[in-house]
Amino acid sequence: MASIFSNVKMGPTIEVFALTKRFSEDTNQNKVNLGVGAYRTDEGKPWVLPMVKTVENQISADMTLNHEYLPVAGLPAFRTAASALILGKDNPAILENRVEGIQVQGGTGGIRLTAEFLKRNFGSDVVYVSKPTWGNHKTVFSHAGFSQIKEYRYWDAKNLGVDFEGLKEDLQNAPEGACVILHAVAHNPTGNDPTMDQWAQIADIIEARKLFPLLDCAYQGFATGDLEADAQVVRYFVKRGFELFIAQSFSKNFGLYNERIGNLCIVTKTPDVIPQIRSQMEIIARTMWSNPSHHGARIVAMVLANPAYFEEWKSQVATMANRIKEMRQMMFNKLRQKKVPGSWNHILQQIGMFSFTGLTQDQSRVMVEKHHVFMLLNGRISMAGLTTKNVDYVVDAIQDAISSHPTPIYAGNSRAIPLAKV
């Protein structure tokens with residue numbers, strides 16, 4: 001007897017999670033996971049931040065806490081603290097009551113809530129994402145009903161950097177009212193960010209074309225180790241007077257990956273529209289996840305509200321960011337020492353968790369299938385998966401992959417950046 005579900009089609013695999021599954025099942029002793037976007041120690045292990053452990057123990061011991069429903073918009077203390085973290089507590093937008101925060105299910109939840117809000121309240125149908133972009137951006141907007149998902153040029157495969165002229169041209173041709181997703185810091189997957197002068201030009205175009213900016217901020221503090229530096233693009237756009245949304249994630253900088261804790265920070269020109277926006281956001285949230293969870297929100301709120309906890313957390317965020325920087329430098333040094341064809345300067349010029357290596361799909365397949373170095377086929381690797389113990393093996397694998405499938409892209413000057421100690 002046939003099931004009523006017999007005609008349900010098999011969906012495509014989610015590449016990064018499929019890679020993680022393959023890595024877990026692989027028995028090769030040299031296997032390396034450079035696919036998943038999660039921090040690892042130099043022993044290749046997940047790290048629960050000591051500050052997070054301290055607060056979790058405090059929460060567990062507090063007999064006054066309960067598991068009652070939160071407001072639909074989320075824990076007020078979390079929303080306020082999260083918005084102040086990204087904007088700065090003395091930001092005029094906050095002082096003038098032009099800011100609202102909505103607790104969401106990680107950065108993804110903030111992006112989906114934005115898409116739903118724009119579709120329902122403005123009838124929006126056009127969104128621009130960078131080419132390439134995080135793998136979920138297009139799908140989230142598509143599932144929210146957007147039929148025109150456009151790309152603006154971003155990665156220059158020839159020069160291994162930002163295609164700024166192409167980016168400008170594509171945004172200048174965007175229709176009025178289109179939503180533009182901007183990576184606020186540490187672009188995923190490339191790790192290449194525009195300069196502040198280039199950001200100013202991007203803002204000029206968005207203002208002139210009357211586009212709506214959604215800033216995706218998944219790496220504050222985690223990119224450079226400096227919370228303030230990583231927020232400068234967001235604060236610049238707010239200072240310019242843009243009305244915008246910011247999708248904040250605390251997965252990376254708090255290590256709260258599966259707690260799904262995020263904040264959708266809303267900035268407007270006037271305070272009188274905030275209640276209406278919040279009411280519509282609450283209606284949408286009610287239909288998608290009904291009510292947010294306490295745990296991650298409490299952790300973040302308690303850390304951000306306590307000056308001593310905050311300072312300790314900042315140092316732990318810097319520890320993660322600095323280890324990734326060290327791995328970048330070490331990988332670059334090894335590539336140079338082993339005379340792997342190319343300059344590889346882009347490895348050092350990129351920031352944050354990921355590096356867009358420039359490896360082709362064929363080369364990436366060699367990495368995965370022959371060497372058991374699990375990475376995305378677009379050439380993205382997670383620098384957090386590198387350790388002092390596996391970096392030589394990974395570099396040897398890269399050398400073999402390039403030898404197996406030579407490409408002219410690696411004919412650069414290998415003396416452009418000197419070796420450095422790590």
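These are legends for a set of views of one predicted model, from the overall fold down to single residues.

Residues are numbered from 1 along each chain as its sequence is written. Because this is a predicted model, local features need pLDDT of at least 70 and side-chain atom pairs count only at pLDDT 80 or more, while totals for chains, interfaces and linings use all residues, and side-chain values use heavy atoms, with hydrogens and water left out.

View 1. Helices (H or I, at least four residues) and strands (E, at least two) are DSSP runs, numbered from the N terminus. Buried residues come to 52% of the 422; buried means under 20% relative accessible area, exposed over 50%, and partly exposed in between, with a 1.4 Å probe and protein chains only. Taking contacts (heavy atoms within 4.5 Å) with a separation of 6 or more, 77% join residues 24 or more positions apart.

**View 2. The largest nonpolar core, 67 residues in all.** Such a core is a set of buried Ala, Val, Leu, Ile, Met, Phe, Trp, Tyr and Cys residues joined through side-chain atoms within 4.5 Å. Among the residues with the most contacts inside it are Phe78, Tyr219, Trp313 and Met331. Elements supplying at least two core residues each include helix H2 (50-61), helix H3 (76-87) and helix H16 (391-404). Helix H13 (307-337) gives the largest share, 11 residues. Another core, of 34 residues, lies apart from this one, and has Leu87, Tyr152, Leu182 and Cys217 among its members.

**View 3. Met331 and what it touches.** Leaving out residues up to four places away in sequence, Met331 meets Ile381, Met383, Leu386, Val391, Val395 and Ile398.

**View 4. Helix H5 (residues 106-122) against helix H11 (residues 274-288).** Their axes come within 10 Å and cross at roughly 115 degrees. Here axes are lines fitted to C-alpha atoms, for helices over the stretch in contact, and angles run from 0 to 180 degrees between N-to-C directions. From H5, the contact takes in Arg112, Leu113, Glu116, Phe117, Arg120 and Asn121, and partners on H11 include Ile277, Gln280, Met281 and Ile284.

**View 5. Helix H15 and its buried residues.** Gln363, Ser364, Val366, Met367 and Val368 are the buried ones. Their cover includes helix H1 (15-25), S12 and H16. After H15 comes His372, with a positive phi near 65 degrees.

**View 6. Ile102, in strand S2 (residues 99-105).** Ile102 is buried, at 1% relative accessible area. Beyond four places in sequence, its contacts include Ala73, Leu113, Leu264, Ile266 and Met281. Thr319 is 217 residues away from Ile102 in sequence and 29 Å away in space, C-alpha to C-alpha.

**View 7. Trp134, in the loop between strand S3 (126-131) and helix H6 (137-143).** Trp134 counts as partly exposed, at 25% relative accessibility. Apart from neighbours within four places in sequence, Trp134 is in contact with Thr108, Ile111, His183, Asn188 and Pro189.
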